[in-house]
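This report goes through one protein model part by part. Please look over the sequence and the 3D view before reading on.

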Amino acid sequence: MQIIISARHVSIADNLRQHVEEQFERLARFDGRISRLEVTLTEEKNRCVAEANLSVDREAPVHGRAEAADFRSAIDRLADKMSRQLKKRRSRRRVHKAGGPDQMVAAEEPEA
């Protein structure tokens, strides 16, 4: 996964860049087809804003935005939001039709 970190109106320290990479590397366990992640950190008057665009092969991109008093908590909130979105996508991708993999297991059991 390619991670691109950019900033507006602020400079990014190495430890903050490392924190972003650690948090978003965990998202690969939800979907192995993640190809690119763009994270933008913005500092406004009293808040720090973190935005992310996640590109998944053969699917629509995932977008998230989080605000907090400092960048670390904004990044943590954003990573939680993105993981929830990916979990929801994964559950919707399952086969829910009759005769699908889940129903076939129940049909193969012998009757008593």
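Which residues in α2 are buried?

## Helix α2

F71, A74, I75, L78, A79, M82, S83 and L86 are the buried residues of α2, where buried means under 20% relative accessible area, exposed over 50%, and partly exposed in between, using a 1.4 Å probe and protein chains only. The model is a predicted one: local features need pLDDT of at least 70, side-chain atom pairs count only at pLDDT 80 or more, and totals for chains, interfaces and linings use all residues. Residues are numbered from 1 along each chain as its sequence is written, and side-chain values use heavy atoms, leaving out hydrogens and water. Helices (H or I, at least four residues) and strands (E, at least two) are DSSP runs numbered from the N terminus.

Seen down the axis of α2, its buried residues fall within an arc of 170 degrees, so they line one face of the helix; the arc is taken from the directions that lead from the helix axis to the C-beta atoms. An α-helix has 3.6 residues a turn, so residues three or four places apart point the same way. On the other side of α2, R84 and R92 are exposed. The cover over the buried residues of α2 includes α1, β2, β3 and β4, with contact meaning heavy atoms within 4.5 Å.

The length of α2 agrees with expectation, because its 22 residues should span 32 Å at 1.5 Å a residue and its end C-alpha atoms are 32 Å apart. The expected span is 1.5 Å times one less than the number of residues.

## The sheet

How many strands does the open sheet have, and in what order? There are 4 strands, in the order β1-β2-β3-β4, and their pairing is mixed; two strands pair if DSSP finds at least two bridges between them. β1 (2-8) and β4 stand at the edges with a single partner strand each, so one side of each has no neighbour in the sheet. On average, neighbouring strands are turned by 15 degrees against each other, direction ignored. Axes here are lines fitted to C-alpha atoms, for helices over the stretch in contact, and angles run from 0 to 180 degrees between N-to-C directions.

β1 and β2 are parallel and share 7 bridges; Q2 has R36 in β2 as its bridge partner. α1 lies across β1 and β2 and runs at about 135 degrees to β1. α2 also packs on the sheet, where it touches β2, β3 and β4, and its direction makes about 150 degrees with that of β4.

## Two hairpins

β2 and β3 run antiparallel and are joined by 9 bridges. They form a hairpin with 4 residues between them, and E38 stands opposite N53 in β3. β3 and β4 are also antiparallel, with 7 bridges, and A50 has A66 in β4 as its bridge partner. This second hairpin has 5 residues between its strands.

## The nonpolar core

Which residues touch the most other members of the largest nonpolar core? They are F24, L27, L41, L54 and M82, out of 26 residues in that core. A nonpolar core is a set of buried Ala, Val, Leu, Ile, Met, Phe, Trp, Tyr and Cys residues joined through side-chain atoms within 4.5 Å. At least two core residues come from each of α1 (14-25), β2 (34-43), β3 (48-56), β4 (62-68) and α2 (71-92). The largest share, 7 residues, comes from α2. In soluble globular proteins, nonpolar side chains tend to be buried together.

Apart from neighbours within four places in sequence, M82 is in contact with F24, L27, A52, L54, V62, H63 and G64.

T42 is in strand β2 and counts as buried, at 7% relative accessibility. Beyond its neighbours within four places in sequence, T42 is in contact with R8, H9, R47, C48, V49 and F71.

Most residues other than glycine have a negative phi. H9, which is not a glycine, has a positive phi of about 65 degrees. H9 lies in the loop between β1 and α1 and is exposed, with a relative accessible area of 71%. R58, in the loop between β3 and β4, has a positive phi near 60 degrees. R58 counts as exposed at 74% relative accessibility. The C-alpha atoms of R58 and I34 are separated by 9.9 Å, and the two residues are 24 residues apart along the chain.
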